[in-house]
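Hi everyone, thanks for coming along this morning. I'd like to walk you through one structure, so please take a look at it with me.

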Amino acid sequence: MTEASIIGLFVATVSFGALLYLAALGELLAEKAGVLNLGVEGMMAIGAVTAFIIGVELKNPWAALLVAMLSGALLASVHGVFTVGLGAEQVVSGLSLTILGLGLAAYLGKDYVGLPPGAELVPVEWGGLSDLPWIGPIFFNQAPIVYLALLMGIAVSLVLSSTRLGLALRAAGESASSTDSAGHSVLGLRLSAVAAGGALAGASGAYLTLSITPQWAEGLTAGRGWIAVALVIFGAWRPGRVGIGALIFGGTLALKTRLQPFGVEFSPIILSMLPYVLTLAILLIISVRARKRPSPAPFGLGLAYRREER
Amino acid sequence: MNQAPFSINDSALAVELSDVWKSFPGVTANAGVNLSVRTGSIHALLGENGAGKSTLMNILAGVYRPDSGELRIHGQSQQFRNPADALSAGIGMVHQEFRLIPSFSVAENVILGSAPRVLRTKQVELKVSELAERFGLKVDPSQPLWQLSMGERQKVEILKILWRNAQVLILDEPTTVLTPSEVDELGEILTKMADDGRSIIFISHKLHEVSGICDEATVLRQGKTVASALPIESTDQRELAQLMVGTSASTADRPEPNTPGAPVLKLNGLSTLGDRGLEAFSNLSFQVNAGEIIGIAGVAGNGQRELADVIAGLRPSTSGSLLMNDADITDASPQFRFRSGLAYIPEDRLGVGLAPRLSITDNAILRVYRQQRRGPFILAEKALAYCKDIVQRFGVRSADFNGPIAALSGGNLQRLLVGRELDGQPSVIVASQPTRGLDVQGVKAIQELLIEQRNSGVAVIMISEDLDELLTIADRLLVMESGIIRGEFDPRTASRDAVGIAMLSDGQAMTEI
């Protein structure tokens, strides 16, 4: 076990962590507004494939990222219109979105399988900082999307806690009728939160094809969208805790592909299960504590809102 | 008791509602109501359930639009399209059901909908607590709402309205969720707000509270104003009560009297707690005899619902005992009570009595599914035959036995529910608001069924808010108020006034009678 391979493990932990964090932040936004979106995996796949296609066609990684975010938002808005606008069952619609997103991504990307990437987001150099031992390669030589994830985490946290918009958004997730009677548009708040969440899931997908594994293949997302959904619960719907969770879950993803170089006889399948086992443990803690205090889950999560006839 | 900041005669009117009409399908809730509230006064709006108080206040708060009538706020004619319009004209309402978010802090709840673009928590909390202190509302703005008592939550609702700088505050039966000491505190807070020049409309039917807190009163009855701007201090409580209940209505069509038999159900000192942990009724004792209908009269929320729950076994009693046919059933399960001959017609038909999404057949056999099965399986044909029998005997009009029961009309739902309960040949029937919301025909049918049961020797407890109904069909009438039996009357001879006063007054007022 060399120093380089340990550093490599941490580098991968941070980059997988950022990948999961972006998608989880998006899911957190939607859930805070009261909409459960189980379509993260599908939105990530769409983000990944559109980013790769635009990269190949336009050779511009930033355009690729932008289009990936827009397609994620667009796909999420399908869920938004069905569940928020028409009051459809959120679980069913979200699951359909995953299947739709994965299928659509495979269809769009079938001519791009195995092609070399047209554009990549290369690691950012931070001058002297990047040369520091350990810290340099782990934190100061990452793809730009890693820093984007960090910025988004801070932004989401600030917006939710200390703006009128954040207050209204959280209110929409707790009690739609109270929000409505306070004069905010529940429909508008929920639709925008779902779309913004989709954009972040799309960015997360773009990170896969523009940096982590710069190529396109069907099934590239490999269940990471589901980990992001679990992460929101693990982080108790708080952006900071979700960030810490992202690093832990990112660590399990990083470790999975690096077990053999370490010479450890350990099934990677067990590691794949770890995020879900941890999430179940957190759910258990939440429900035990629920006897004394309310659950951290938004109270109106998953409930459609229709204003009563007046 | 309240010293208005200026002489009442000089002060301008904060609210003027004139000739307001509002109908809903089948009901005229407001039929030409007038209301004038002076600026800086606490104005009581009195009336029985269904007198049109809430409708009128929902019109003033912009929730409903009136069919006709004029609305003036501080002299200016207004038309509200929604609650936001009313709020911007300075009118806020505290509804009976609070619209608060448990996971939010007090301050967040107060400012929601009227918050600055960027929130600085400390600053906002300071502002909220300044506002709270000004009116003597003792709440900690940083505390999460779920930790607060009902009385404290009400203060948050009031703060919400004050935060938006409303000049007219409407409180819909604000004292029902409060303990007596909280009621006194509320009175002080309201006095402070009135001294500040704000006008308060206080909806109530508790006369003793009104006389301690309010300056003037308007009384509604059957959608009309029967007295307006009565000065509370110089008005007798009994006079107010008479205005609220009105004079005797016709008590036609009394059923033939029946000779009651032996006591079947005995309540000995029963007590229980309400949903909010406060005492719903205490030390209640009475007995019901075979072959009589005992009516429980009272304004909603005085322990009647809890009484029905306790007798049906759906709510534990905290003391006392309950005997049916001399067997102690205080702690028996609802299923055991049913099998020993207790039928229960709950107030909430579709929520408690029936399962809305199940079919008519499934609902019909809910109580007796054990008789419709072979092994673990329900026999569909047998169940259907049973259902058809009930439908036919009790005149339920329905086409589709396998369709969801929620598709039935209110009257048909109730017939099916009553039919199912009566089919077990009960010895006791507890019927809670059995005719509420039904059309004339439906009311008559249900009443006749209950009378028929009485004649065949069943003991019937009928809880109703409709005093005329009870005066017509009950053999004995008990009046419940604040969880206590305030009086027993013979419906054949009782005057509507006397019963009304017992329903509306507290114990102190009753000692004069």
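**A walk through chain B**

Let's start with one pair: S18(B) has E70(B) as its bridge partner in β4(B). This is a predicted model, in which local features need pLDDT of at least 70 and side-chain atom pairs count only at pLDDT 80 or more, while totals for chains, interfaces and linings use all residues. Residues are numbered from 1 along each chain as its sequence is written, and chains are lettered from A and ligands numbered from 1 in the order in which they are written.

Back to our strands. β1 (residues 13-24) and β4 (residues 68-73) of chain B run antiparallel, joined by 5 bridges. Strands here are DSSP runs of E with at least two residues, helices are runs of H or I with at least four, and both are numbered from the N terminus. Two strands pair if DSSP finds at least two bridges between them. β4(B) also pairs with β5 (residues 76-77) of chain B, again in the antiparallel sense, over 2 bridges. There, I73(B) has Q76(B) as its partner in β5(B). What phi does H74(B) take in this hairpin? A positive one, near 45 degrees, and the hairpin has 2 residues between its strands.

Now for the open sheet. Its 6 strands in chain B come in the order β6-β7-β8-β3-β9-β10, with mixed pairing. The edges are β6 (91-94) and β10 (224-231) of chain B, each pairing on one side only. From one strand to the next, the twist averages 20 degrees. Inside the sheet, β3 (residues 42-46) and β8 (residues 199-204) of chain B run parallel, with 5 bridges; L46(B) stands opposite S204(B).

Let's zoom out. Chain B is divided into domain 1 (13-245) and domain 2 (263-510), with bounds from an automatic or database domain assignment. Their C-alpha centres lie 34 Å apart. The contact takes 14 residues from domain 1 of chain B and 15 from domain 2 of chain B, where contact means that C-beta atoms, placed from the backbone, lie within 7 Å. On the domain 1 side, α8(B) gives the largest share, 6 residues.

Finally, the two chains: 16 residues of chain A are in contact with 21 residues of chain B.

Technical notes
Axes fitted to C-alpha atoms, helices over the stretch in contact; angles between N-to-C directions.
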